[in-house]
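This report describes the pockets, the ligand surroundings and selected backbone features of the model shown below.

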Amino acid sequence: MDTAGLLACYERMALIRRTEKAAHDLFLQGLVKGTTHLAAGQEAIAVGASAALRPDDYVFATYRGHHHALARGATPEECLAELMSRATGLCKAKGGSMHLTKAATGMLGSYAIVGSHLPMAVGAAWSARLRGTDQLAVAFFGDGATNIGAFHESLNLAAVWKLPVLFVCENNQYMEYTPIADVTAVARPAADRAPAHGIPGEVVDGNDVVAVEEAVARIAERARAGDGPAVLEAETYRHFGHSRADPAAYRPAEEVERWLKHDPLDLARGRLAELGVGAEVVAEADERARAVVERAVEAAKAGPPPDPREALTDVWADGGAAWRT
Amino acid sequence: MADVITYREAVAEGIAREMRRDTTVVCLGEDIAAAGGVFKTTVGLLKEFGPERVWDTPISEQAIVGAAMGAAMTGMRPVAEIMFSDFLACCWDYLANEIPKVRYMTGGQVTVPLVVRTANGGGLGFGAQHSQATENWALTVPGLKIAAPATPADVVGMMAAAIRSDDPVVFFEHKALLATKGAPPPPGHVVELGRAAVVREGADVTLVALASTVPLALKAADVLSGEGIEAEVVDLRCLVPLDAATVLGSLRGTSRLVTVEENPYQGGWGATVVSIVADEGFGLLDAPVRRVAGECVPLPFADALEEQVIPTVDKVVTAVRGLAAY
Ligand SMILES: Cc1ncc(C[n+]2csc(CCOP(=O)(O)OP(=O)(O)O)c2C)c(N)n1
């Protein structure tokens, strides 16, 4: 990654971090209904992967998907408006935090049934092949998803059909409250299982945006060349709890401390410094991100509520919801 | 083309017609390609369209339907086969949570034009895990269209409509009808989803039927006719969209209603039909409504037992006689 690319990645990560913080604050102020699953701490995976992907590649994410939506072109304003139930939200306030989708930029959705989107990514990759394009499909999922049947069905089908799909596990060490290691027989829940399905499995430092970008670029090139799927296990840590206001008290203090010291933004800053980028340049990027998110919060707050009649639209392709004559 | 076609041949014919006119139509499922399907409903497709359009899959129901969904979201029109409708339970997440909800929860951004075909229903002695009529499962889920043809011509015409539909369609092919024969439909035959057919006219009672219960209702109507009771038989063809207008229209002439459904009484589609009638057509009725439906038990194996729990001609005739005397 060149210096300009890394700086752009840094700014995007800073933007995501601030948007997540804003989402958290808005939740605590009662302005966000339901729940949120914040990805602060995991930004490098979404941003690094996006840097290696093409705009026409497909991305499928989980309910912890704010960072993917933002990395794939959704604006903080449309995301926050969605969380705050505004008509201006990304999905007209019908999706919410767990379902951020921006199909126009290849963000084909966030899915809240653990593991459910892996077969969809396989299908999107299959479709790319059938249509004769060299698009990729990427499924981002948590470590917990690797014990779901759909994970194994997807890996096998992608492998036997040699499809251009990348399975990127964001191993943040925990499912909801249970450490993945307590309920999984292998140490690397995604990468260790990949070879059993005839797929290469790699592990990467998920907090290092450069390492993620390089790893994704490598497996993407392989997949585009027709060599089939790959599994990438990106090791990371979430800063917040699992969801809502979970203080994550189940995590040992020294573990939290160790991971917080390994923060993706700090790592990127260190790399920028090594490349000779001055602190003031980084500060300007931070300032731009701050300003964008601040404006986004205000604009999203000012958005109108959805027209109640919208509740009965969009079930069918004709725009309506009629099930009978 | 031959002057008769079987229901099972009509399935392959219906798919082939659409594959010829639209290259985005592709098929996937267990044993559908080289073997031509365990019910021989996809015979000839691999030969005509090749392995890039007709795909054998592993035994992975979640991957089959989930991948069909991903392909449908990105420009294809997949036709996925789930061998027996009982196995829909293995991919129920996709039918209940993913496919029907994605358009809505993305605010209309993503459409899912796919067909999930499956062999439905009892009557062949396959035992409890291969015999269920499961269209009532799908009926509980807003966002799925549900087709269940009764004749070879309807299989072809409704397959065309289902594959061309921009919405997801669950297409129930009834196992007990696979060997039945009918006239082959003309080229370009399309039966719009949500159009019921009055397949027999009569002034005394309306029998509303679907798939395997259509020939059953027709046989019952013949018996009843011998007793001076003329039954009108409505083949619903689709559960979603549901042609309530045709049912209410028929009741205007008959004022008596019996639904004949194979799925269990508990939560069956007949309950939806009679509740619409109770809401909107109560004044049309001169008698209570009756539902002839499956018993609320798993399907037993032996013929003699199975007959006890799924609709039969006798059960329909008895139900109608009771109403005629009312
Ligand atoms: C099929 C299913 N089972 C259970 C849940 C409840 N649930 C939501 S998130 C979660 C933990 C998932 O952990 P992981 O896959 O590691 O993802 P992470 O939240 O760490 O990103 C669980 C159990 C669910 N949404 N779907």
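The lining of the second largest pocket comprises seven nonpolar, nine polar and four charged residues; here Ala, Val, Leu, Ile, Met, Phe, Trp, Tyr, Cys and Pro count as nonpolar, Asp, Glu, Lys and Arg as charged, and the others, Gly among them, as polar. The model is predicted: local features need pLDDT of at least 70 and side-chain atom pairs count only at pLDDT 80 or more, while totals for chains, interfaces and linings use all residues. Residues are numbered from 1 along each chain as its sequence is written, chains are lettered from A and ligands numbered from 1 in the order in which they are written, and side-chain values use heavy atoms, with hydrogens and water left out.

**Second largest pocket**

This pocket holds about 240 Å³ of space. A pocket is an open set of points on a 1 Å grid over the protein atoms alone where a 1.4 Å probe fits, with protein on both sides within 12 Å along at least five of seven lines, and lining residues have an atom within 4 Å of a point. Grid points are joined across faces, edges and corners, and the volume is the space filled by probe spheres set on them. Among the 20 residues lining the second largest pocket, Tyr63(A), Arg64(A), Gly142(A), Asp143(A) and Gly144(A) are the closest to its centre. Two or more lining residues come from each of α3 (66-71) and β3 (137-142) of chain A, and β3(A) supplies the largest share, three residues. Helices (H or I, at least four residues) and strands (E, at least two) are DSSP runs numbered from the N terminus.

**Ligand surroundings**

Of the 14 residues around the ligand (a heavy atom within 4 Å), the nearest are Tyr63(A), Arg64(A), Ala112(A), Gly144(A) and Asn172(A). By class, this shell has seven nonpolar, four polar and three charged residues.

| Residue and atom | Ligand atom | Distance |
|---|---|---|
| Tyr63(A), polar side-chain atom | oxygen | 2.9 Å |
| Arg64(A), polar side-chain atom | oxygen | 2.8 Å |
| Ala112(A), polar backbone atom | nitrogen | 2.8 Å |

On its own the ligand has 580 Å² of accessible area (Shrake-Rupley method, 1.4 Å probe), and the protein covers 73% of that area.

**Largest pocket**

The largest pocket has a volume of about 360 Å³. Its lining contains 20 residues, with Gly123(B), Ala176(B), Leu216(B), Ile310(B) and Pro311(B) nearest the centre. Both α7 (213-226) and α10 (303-309) of chain B give two or more residues; α7(B) gives the most, four. The lining divides into eight nonpolar, seven polar and five charged residues. Because domain 1 (5-182) and domain 2 (197-325) of chain B both contribute lining residues, the largest pocket lies between them; the domain bounds come from an automatic or database assignment.

**Backbone features**

Val240(B) and Pro241(B) are joined by a cis peptide bond, with omega about -5°. Pro241(B) sits in the loop between β12 (238-240) and α8 (244-254) of chain B. In chain A, Lys92(A) has a positive phi of about 55° although it is not a glycine, and Lys92(A) is located in the loop between α4 (76-83) and β2 (107-111).

Definitions and conventions: Polar contact = N/O pair within 3.5 Å; in protein donor to acceptor, adjacent residues only side chain to side chain.
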